[in-house]
Amino acid sequence: MTARTTAILGKGGVGKTFFASHLTMAFSYLGVKTLVVGCDQKQDTLRALSAETRPPLMDWLDSTDYDYASIAPEQVTVPIGPYADAMELGASPLLVGHYAAVLDEAFHYFSSHNLLDRYEQVIFDVTDERWDSVLAPLFRRVESVVGVTAETPESLFVLNRLLRAAQIGGYELEYPLVLVGVVNNASRDPLAFERYVERTQCFPLMTVPDLPELAGLKAFHRTLFELKSLPQHLEQVLDGFVKIADMLRGEPLNIFPVSSLDDEEVWKLAPAVNLPS
Ligand SMILES: Nc1ncnc2c1ncn2[C@@H]1O[C@H](COP(=O)(O)OP(=O)(O)OP(=O)(O)O)[C@@H](O)[C@H]1O
Ligand SMILES: [Mg+2]
């Protein structure tokens with residue numbers, strides 16, 4: 001098997017890790033062998049799914065003097081049940097702005113162990129890096145992206161930049177990088193989101209309301225999938241994730257491309273917001 005690969009993009013704090021961890025559990029629920037890769041220096045992906053810890057890949061590489069072969073996948077991944085594993089990439093020793101190097105190291109490591117062949121699905125929970133070049137190593141290698149956003153102009157602005165960067169990255173590929181769709185998370189007033197979707201022709205995958213029950217899950221290393229007898233509104237959220245996982249497993253998707261907006265236009269989507277100077 002060779003994994004299908006999907007990157008989860010969005011501004012800091014919009015719910016990428018919430019989405020990535022739930023999607024991981026949705027695949028697992030469907031019996032799809034899944035690896036979720038935390039691509040964020042603060043390492044919140046593994047923590048959202050398990051109380052168990054592992055040093056991140058970059059720490060292993062540093063301590064072995066970049067001896068890729070000596071680092072067994074079991075040393076960097078934590079099993080999250082029979083069908084899912086999670087791992088963290090960690091931080092670049094060169095600090096800010098060098099996350100591209102971390103991504104390159106990660107893919108080098110994956111290929112040195114044929115790691116992508118061990119899974120059917122790999123999900124990348126991606127750091128908030130809105131500058132085109134930083135995520136280029138990722139965009140050259142993943143098949144699809146899902147955007148997560150709130151309705152705030154800031155989160156739509158960052159999403160728009162990230163989708164543009166993904167599209168530019170995708171131009172270098174022989175096959176097009178597929179934008180599967182966008183998720184409106186912690187939704188209160190969907191107006192700006194709806195306008196964004198309309199203007200860009202993005203596919204709206206799912207809207208998750210702002211629910212206090214969801215805010216606490218991460219601290220307990222839990223997703224809705226581990227909770228028993230959910231109330232109906234949470235059952236609906238869970239079903240939404242299973243549907244998206246199912247869709248990602250289906251025939252190659254053709255929902256592409258978006259017409260990304262100019263920066264200034266995004267700010268105009270939300271009422272009463274001034275342009276940044
Ligand atoms: N729909 C929601 N309703 C209420 N709270 C939510 C919802 N989605 C996420 N949260 C909470 O909001 C916080 C931020 O979510 P999360 O950590 O998933 O975002 P993130 O995009 O991964 O952030 P970061 O960029 O900092 O990694 C978390 O405490 C999470 O539990
Ligand atoms: Mg996160």
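This is a predicted model: local features need pLDDT of at least 70, side-chain atom pairs count only at pLDDT 80 or more; totals for chains, interfaces and linings use all residues.
Residues are numbered from 1 along each chain as its sequence is written, with chains lettered from A and ligands numbered from 1 in the order in which they are written. Local features need pLDDT of at least 70 and side-chain atom pairs count only at pLDDT 80 or more, while totals for chains, interfaces and linings use all residues.

Student: How many helices and strands does the protein chain have?

Tutor: Helices (H or I, at least four residues) and strands (E, at least two) are DSSP runs, numbered from the N terminus. On that basis, the protein chain comes to eleven helices and eight strands.

Student: Why is the protein chain called as compact as a globular protein of its length?

Tutor: The radius of gyration is taken over C-alpha atoms, and the globule rule is 2.2 Å times the number of residues to the power 0.38. For 277 residues the rule gives 19 Å, and the chain comes out close to that, so it counts as compact as a globular protein of that length; its radius of gyration is 18 Å.

Student: What share of the protein chain's residues count as buried?

Tutor: Buried means that 20 or more other C-beta atoms lie within 10 Å of the residue's own, with C-beta atoms placed from the backbone. Out of 277 residues, the share is 46%.

Student: In what order do the strands sit in the open sheet, and which are the edge strands?

Tutor: Two strands pair if DSSP finds at least two bridges between them. The eight strands make an open sheet with mixed pairing, in the order β3-β4-β2-β5-β1-β6-β7-β8. Pairing on one side only marks the edge strands, β3 (78-79) and β8.

Student: Which residue of β8 is the bridge partner of N184?

Tutor: β7 and β8 (residues 204-209) run parallel and are joined by four bridges. In β8, the partner of N184 is T207.

Student: Which element supplies the largest share of the shell around ligand 1?

Tutor: A residue is near a molecule if its C-beta atom, placed from the backbone, lies within 6 Å of it. Ligand 1 is surrounded by 20 residues, the closest being G12, G15, K16, T17 and F18. At least two shell residues each come from α1 (16-29), β7 (178-187) and α9 (212-215). The largest share, three residues, comes from α1.

Notes: A residue is buried if 20 or more other C-beta atoms lie within 10 Å of its own, exposed if 12 or fewer, and partly exposed in between; C-beta atoms are placed from the backbone.
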